[in-house]
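Please look over the sequence and the model below before reading on. The report that follows takes up charged side chains and then the fold as a whole.

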Amino acid sequence: QVQLVESGGGLVQAGGSLRLSCAASGRTFSSYPMGWFRQAPGKEREFVAGISWSGGDTYYADSVKGRFTISRDNGKNSVYLQMTGLKPEDTAVYYCAAGGRRLQRVDYWGQGTQVTVSS
């Protein structure tokens, strides 16, 4: 069992930066691929970024490549999403996720953290 708690969301102007954190509980955290998804009002939840259990493999949605960076610290049971060059279309609730390889399956979700980017 893994429990995920996100933090770091907030209101930021376009072009600004935010760093999201996800703290995980559970002894098996380091064995899970982790990632971030987001859901904007009226839209389906979409994949944003993922990272392998070792941190050696990262992958991103085309919409955030070059602007967002995912990382993890298995010693701290945490995963992070550094977001730069934020755009109003990045406004969404961001969810931390743990699951199968390349997050083709999500086993655990966090409760979400709101990110709002003003123009």
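This is a predicted model: local features need pLDDT of at least 70, side-chain atom pairs count only at pLDDT 80 or more; totals for chains, interfaces and linings use all residues.

The side chains of Arg102 and Asp57 form a salt bridge, with N and O 3.1 Å apart. This pair links distant parts of the chain, since Arg102 sits in the loop between β9 (92-99) and β10 (106-109) while Asp57 sits in the loop between β5 (46-51) and β6 (58-60), 45 residues apart.

## Further charged pairs

A salt bridge of 2.7 Å, N to O, joins the side chains of Asp90 and Arg67. Asp90 belongs to the loop between β8 (78-83) and β9, and Arg67 to the loop between β6 and β7 (68-73), so this pair ties together parts that are 23 residues apart in sequence. Both Asp90 and Arg67 are buried.

Asp107 and Arg105 also meet in a salt bridge, their closest N and O atoms lying 2.7 Å apart; Asp107 is partly exposed at 33% relative accessibility, and Arg105 is partly exposed at 48%. Through shared partners, salt bridges join Arg38, Glu46, Arg67 and Asp90 into one network. The whole structure holds six salt bridges.

## The fold as a whole

The protein contains eleven strands and zero helices. Its radius of gyration is 13 Å, close to the 14 Å given by the globule rule for 119 residues, so the protein is as compact as a globular protein of that length. Of the 119 residues, 45% count as buried.

Terms used: Residues are numbered from 1 along each chain as its sequence is written. Side-chain values use heavy atoms; hydrogens and water are left out. Helices (H or I, at least four residues) and strands (E, at least two) are DSSP runs, numbered from the N terminus. The radius of gyration is taken over C-alpha atoms; the globule rule is 2.2 Å times the number of residues to the power 0.38. Buried means under 20% relative accessible area, exposed over 50%, partly exposed in between (1.4 Å probe, protein chains only). A salt bridge is a side-chain nitrogen of Lys or Arg within 4 Å of a carboxyl oxygen of Asp or Glu.
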